[in-house]
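Here are a few notes to read alongside the model.

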Amino acid sequence: MADSKDSQRWDVFFYVQHLLGMGHLQRAATLAEALHRAGLRVRLVSGGLPVDQIAIRGPEVIQLPPIRATDATFTLTNEAGTPIDDDFKARRRDLLLKLFKETNPRLLLIELFPFGRRQMRFELLPLLEFAGSMPQRPAIVSSLRDILNAHNKPEKIRWMLDTFKRHFDSAIVHGDPDFLPLEESFAEASEIASHLQYSGYIVRPPTNEEMAGSTTGRGEILVSIGGGAVGLNLVEAALEARVLTSHVKSRWRFLLGPNMPEHDFDRIVRNAKVIEENEDGGSIIVERARPDFPLLLRNCRLSISQGGYNTVMEILARKTPAIIVPFAAGGETEQTFRSRKLAEMGYLELLEEDQLSAVNLAAAIDREIAKDKGTNPSTLNLDLEGGGKTAYILKEQINRVADGRLGQP
């Protein structure tokens, strides 16, 4: 029988750091809620800016002093946009360690690291060292999306693999190996293949409004850019493309995200109003991101977006016709990799970022809407049960800790 001290341990201490967008936090929130529904006691520790549009129900959420990136250079700044210094890093590291000691979890789950978020090693390496030295050591697991960004520096790849082998028991890949095995984007994953488990894709479950058949957003052309820190060029191209399409009289909704600077947001609102006043028919709605985005995706006639994991998976889950303009600045390859594969299979329309223009986007819009949807997302047999399957995998890891089997084959 577990002693009283052991019974006070939390099941999962889940660390996530989002920097430029909010996709990492959204995926972590969806996963943390799935773990909670499966009966696990979860503390989700977030290191990025708070996002009001993401309501997390069930797990306890702890907000660290926020760190963000204001642009595609991924320079780390505080909430006010000032580059962080060593004192800031030390304070955050100490707070993270304090929270972890208080939580005393059976399992430490870290999103993306060490295969990404290398900039956060100032706090994550001390956390891993401490967790590994505990008398009642927790299981230590990395939570990975289906695709890793390409790296061309052998020493960086070696550091990732060595850090994983030194500190982690396993990695859960939130993808479907029959569609995209991790080795396709990270060939070196074969070196740690015995430590990888696939959960399927993490997708938000249908909302109450979806289940009730809400018609909000029905028939719209929906333009979205996730967090909004990047994607202004897509929004501007879509505004210009609207009048060039055969669908100018449809209602167009632009979701610009909480991280788009206020002056850019206000300018888009003004431009949209001028366009509306000078045209007959149709309407343009410009607003920040909404928590009912999945409902809008289900009901829209066409989605135009960047190619983040969450948006693409929700498009596929909700069988929505889509045009993807993947974010590719700053050496980012993940969105392009996934979108190209889906476009080659006929499940969405791809417009590469360097080909983005109003004319090209308008042509893609008319082409996608006019398609005979003989090939559509409903025929793509992806595993979309990632939340429940991750809970099952982590419960097994936690049982190994309780039974003293951690580290055994």
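Predicted model: local features only at pLDDT ≥ 70, side-chain atom pairs only at ≥ 80, totals over all residues.

1. Now the inside: 54% of the chain's 409 residues count as buried.

2. Count the pieces and you get 13 helices and 15 strands. The chain's radius of gyration is 22 Å, close to the 22 Å from the globule rule for 409 residues, so the chain is as compact as a globular protein of that length. If you like boxes, the C-alpha atoms fill one of roughly 70 × 45 × 45 Å along the principal axes.

3. Have a look at who touches whom. Take the contacts with a separation of 6 or more: 76% of them come from residues 24 or more positions apart.

4. Next, find the open sheet of 6 strands, which runs S12-S11-S10-S13-S14-S15 with parallel pairing. Which strands stand at the edges? They are S12 (283–287) and S15 (349–350); each has a single partner strand, so one side of each has no neighbour in the sheet.

5. Strand S10 (residues 221–224) lines up with strand S11 (residues 251–255) in the parallel sense, over 4 bridges. To spot one of the bridges, go to Leu 222, whose bridge partner in S11 is Arg 253. As background, strands of a sheet pair through backbone hydrogen bonds, in either a parallel or an antiparallel way.

Technical notes. Residues numbered from 1 in each chain as written. Heavy atoms only, no water. Helix = DSSP H or I, 4+ residues; strand = E, 2+ residues; numbered from the N terminus. Rg over C-alpha atoms; globule rule 2.2 N^0.38 Å. Buried < 20%, exposed > 50% of the residue type's maximum accessible area, 1.4 Å probe, protein only. Contact = heavy atoms within 4.5 Å. Pairing = 2+ DSSP bridges.
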